[in-house]
Amino acid sequence: MTDLIDLHPDVADALNNGKAVVALESTIISHGMPYPTNLEVAQRVENIIREAGAIPATIGLLNGRIKIGLTAEELLVFAQADDVAKVSTRDLGLVIANGSKGATTVAATMIAAALADIRVFVTGGLGGVHRGAEQSYDVSADLTELGRQQVAVVCAGAKAILDLPKTLEVLETGGVPVIGYGTPDFPAFYTRTSGIPLSARVETAQEAARAMKSHWDLGLTSGLVLANPLPETDALEQDQVEAYIGQALAEADAERITGKDVTPFLLRRLGELSSGRTLQANIALVENNARLGGQLAVAFANL
Ligand code: PSU
Ligand code: MN
């Protein structure tokens with residue numbers, strides 16, 4: 001393993017003993033939710049994973065190192081600091097070289113997790129192909145890394161702000177299985193379904209773990225997506241969500257928001273426009289994914 005990584009002792013112990021570990025990203029903390037909600041959610045998600053019998057490993061960049069498993073003080077830095085860069089694949093080497101603080105996206109977290117031999121990763125929603133990508137060319141590097149890192153990502157689908165059919169097309173091209181957990185359809189983050197059917201479905205974490213194992217036993221070098229719809233009680237109304245998204249996208253366009261600022265801008269505006277309801281749903285779905293991710297890591301470790 002590269003010597004640029006610092007493993008938290010609990011994570012190192014679990015990995016050395018073949019125990020279940022779940023990777024978590026830090027962009028959702030630093031750029032996806034406001035303080036102090038972000039800190040409370042990050043701590044709760046870690047506890048949910050521990051209750052499921054796995055060790056949480058939140059990943060971020062500090063002082064030129066990839067930290068895998070954060071102390072309470074380090075978690076506070078990612079929740080509070082306003083000088084934390086959003087780090088995707090292209091940024092990883094540079095932020096390590098200059099020693100600044102970096103919150104890792106799904107793409108960068110997958111790379112770090114794979115380097116440490118952590119095979120299960122929990123997030124909220126994937127990045128993907130943005131609406132209007134035929135003009136903007138905005139396609140998240142999350143999809144690129146899903147096509148080339150051996151990590152299973154538990155999520156509530158891709159974020160609803162995206163073009164979901166195009167996102168699934170890119171995943172198919174990348175050889176990435178997208179597996180519905182107890183659902184035939186691709187979930188749409190704030191709502192349980194996008195109406196787009198998936199090619200695969202499982203009912204249990206054990207089934208998903210077996211799919212991971214055979215995928216990689218074949219030597220396939222891509223990741224997998226386990227798509228977990230948020231609980232019905234936390235789901236928002238689809239027409240309402242689309243109205244908020246329409247307005248937030250129009251504002252992003254008017255304010256000429258581009259590149260890596262698009263997703264944080266849209267998530268923040270949706271929270272404001274919905275009086276916090278999208279944020280509540282986002283919290284609920286991340287916690288729901290943590291429960292499943294903990295079970296998945298335990299099932300995979302037991303194979
Ligand atoms: N899921 C959430 N909130 C987030 C993200 C995911 O519930 O903030 C972040 C992830 O880090 C993801 C990133 O990788 O948004 C996508 O950004 P972009 O579209 O710029 O690739
Ligand atoms: Mn982008």
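Analyst: Ligand 1 sits in the largest pocket. The model is predicted, with local features needing pLDDT of at least 70 and side-chain atom pairs pLDDT 80 or more, while totals for chains, interfaces and linings use all residues. Residues are numbered from 1 along each chain as its sequence is written, chains are lettered from A and ligands numbered from 1 in the order in which they are written, and side-chain values use heavy atoms, without hydrogens and water.

User: Why is ligand 1 said to sit in the largest pocket?

Analyst: A pocket is an open set of points on a 1 Å grid over the protein atoms alone, with protein on both sides within 12 Å along at least five of seven lines. A molecule sits in one if more than half of its atoms lie within 2 Å of its grid points. Ligand 1 is assigned to the largest pocket, so it meets that criterion.

User: Which residues come nearest to ligand 1, and what makes a residue count as near?

Analyst: A residue is near if one of its heavy atoms lies within 4 Å of the molecule. There are 18 residues around ligand 1, and Glu 25, Lys 86, Ser 140, Asp 142 and Thr 263 come nearest. This shell divides into four nonpolar, ten polar and four charged residues.

User: What makes the approach of Ser 140 to ligand 1 a polar contact?

Analyst: A polar contact with a ligand is a pair of N or O atoms within 3.5 Å. A polar side-chain atom of Ser 140 lies 2.7 Å from an oxygen atom of ligand 1, and therefore the pair qualifies. A polar side-chain atom of Asp 142 also lies 2.7 Å from a ligand oxygen atom. For Gly 125, a backbone N or O atom lies 3.1 Å from a nitrogen atom of ligand 1. Taken alone, ligand 1 exposes 480 Å², of which the protein buries 95% (Shrake-Rupley method, 1.4 Å probe).

User: How many cavities of 30 Å³ or more does the structure hold, and why are they called cavities?

Analyst: There are two. The term applies because a 1.4 Å probe fits at their points but cannot get out.

User: What makes the lining of the second largest cavity nonpolar by class?

Analyst: Lining residues have an atom within 4 Å of a point. Here they are Ala 152, Ile 179, Ala 208, Met 212, Leu 224, Val 225, Leu 226 and Leu 296. Ala, Val, Leu, Ile and Met are among the types counted as nonpolar, so the lining has eight nonpolar, no polar and no charged residues.

Definitions and conventions: Grid points are joined across faces, edges and corners, and a volume is the space filled by probe spheres set on the points. A polar contact is a pair of N or O atoms within 3.5 Å; within protein, one must be able to donate a hydrogen and the other to accept it, and residues adjacent in sequence count only if both atoms are side-chain atoms.
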